[in-house]
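Trainee: I would like to learn how to read a few features of a protein model. Could you take me through them one by one?

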Amino acid sequence: TILYKRIIQFDPVDHLYHVRDYYPDGQIEMEGSYLSFDKNIKEESLWCNYRTNTKEGTFRVWFKNGQLEKKVNYVNGSRHGLHEYWYSNGQKASTQYYLNGQKHGKSTWWNTDGSVQNELIFEKGLNLNPKDTNYHYISYTPKEYNDDKLKKWPLIIYLHGGSSRGTDTIKLYCCGIPDQIWRKREFPFIIIAPQCPTNQRWSTDNWFENFYEEITTKYRIDTNRVYLTGVSLGGSGSWYLAMKYPEIFAAIAPISGFTRHLDFIQANTEKLIDMPIWAFHGKEDKVVEFEETEWIVNQLKGKNKDLKFTVEPDVGHWMDWLVYPNQALYDWFLKQDRRKRN
């Protein structure tokens with residue numbers, strides 16, 4: 001039943017907790033240091049800090065085969081400096097640079113054969129040279145869609161999490177609203193779920209305008225009732241797109257997403273004052289810290305009269321499995337109409 005072995009040493013000179021985790025067979029798994037540390041917490045990723053665990057300095061993570069997986073750097077809990085990643089075969093996977101928690105500078109990704117997959121330059125989290133592009137997507141229409149050729153339908157745009165990125169849209173059915181569609185659930189909405197490319201975020205390229213023009217041309221959509229929701233990577237994307245195109249959405253429902261990884265989000269919360277928002281986050285999230293959603297909700301409190309924030313004290317990064325299978329969010333969406341804000 002042993003999952004890992006942990007050795008913790010506090011250094012009174014540098015005032016850091018030096019931590020090493022080992023696989024059950026003795027192979028080292030992780031090595032890093034913390035300004036503050038709770039020995040009972042093992043984070044599911046190194047993307048964020050969890051509660052009292054504040055990262056400081058260089059962290060290394062190894063695959064079970066002994067190959068180095070990542071070497072990343074933190075200053076006072078924020079990703080800062082060079083971040084390097086490898087495949088399990090030893091091939092370099094990517095190099096990325098961060099400045100105070102935001103991607104900043106040149107980032108390069110390689111394929112497993114060593115060929116360059118992508119190369120981008122970022123400034124404060126945003127790609128400096130975004131390309132104009134189109135994303136693949138899956139779609140759902142209500143069973144009554146073809147009964148009335150003139151009727152327009154409300155639309156939900158669903159943004160998936162990081163594990164569904166790529167070019168195979170079948171991956172989108174693993175969770176979220178597409179999972180509900182896969183299970184034959186029926187909805188009174190048109191539902192469109194685009195797919196983000198590998199190693200990119202919803203904010204990396206200029207895709208949304210092309211996507212929105214295509215779907216509003218192809219489907220009979222009531223453009224006064226367009227709703228946006230997403231989880232994790234998609235939760236971050238929901239905050240970002242709502243700020244970039246506030247005139248499009250009647251309401252948004254971001255779940256468990258980063259918010260402070262982009263200056264753009266931090267500088268544009270005022271654009272969401274009139275936007276009906278229902279945000280969700282589990283307090284036990286060890287992948288994206290709860291404080292990411294709490295921060296932006298606090299920025300909107302007292303300004304946005306249509307703001308809801310659902311917090312589950314004992315739930316982790318799987319908060320979406322409590323939201324999308326239930327009916328409450330869909331009923332709330334149907335009550336929102338952009339004409340009511342004008």
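Trainee: In which sense do strand E17 and strand E18 pair, and over how many bridges?

Mentor: First, a word on the source: this is a predicted model, in which local features need pLDDT of at least 70, side-chain atom pairs count only at pLDDT 80 or more, and totals for chains, interfaces and linings use all residues. Residues are numbered from 1 along each chain as its sequence is written, and side-chain values use heavy atoms, with hydrogens and water left out.

Mentor: Now the general idea: strands of a sheet pair through backbone hydrogen bonds, either parallel or antiparallel. Strands here are DSSP runs of E with at least two residues, helices are runs of H or I with at least four, and both are numbered from the N terminus. Two strands pair if DSSP finds at least two bridges between them. Strand E17 (residues 221-231) and strand E18 (residues 251-255) are parallel, with 5 bridges. Gly230 stands opposite Pro254 in E18.

Trainee: Which strands stand at the edges of the sheet?

Mentor: The open sheet has 7 strands in the order E14-E16-E15-E17-E18-E19-E20, with mixed pairing. Strand E14 (137-140) and strand E20 (307-312) are at the edges; each has a single partner strand, so one side of each lacks a neighbour in the sheet.

Trainee: How should I read salt bridges, and how many does the structure hold?

Mentor: Side chains of opposite charge can pair when their charged atoms come close. The cut-off is a side-chain nitrogen of Lys or Arg within 4 Å of a carboxyl oxygen of Asp or Glu. The structure holds 18 of them. One of these joins Asp222 and Arg339, whose closest N and O atoms are 3.9 Å apart. Asp222 lies in strand E17 and Arg339 in the segment after helix H7 (328-334), so the pair ties together parts 117 residues apart in sequence.

Trainee: Is Asp222 buried or exposed?

Mentor: Buried means under 20% relative accessible area, exposed over 50%, and partly exposed in between (1.4 Å probe, protein chains only). Asp222 is buried at 13%, while Arg339 is partly exposed at 47%.

Trainee: How many disulfides does a search of the whole structure find?

Mentor: A disulfide is a pair of cysteine sulfur atoms within 2.5 Å, and the search finds 0. Take Cys196: the closest cysteine sulfur, in Cys174, is 14 Å from its own, too far for a bond. Cys196 is also buried, with a relative accessible area of 0%.
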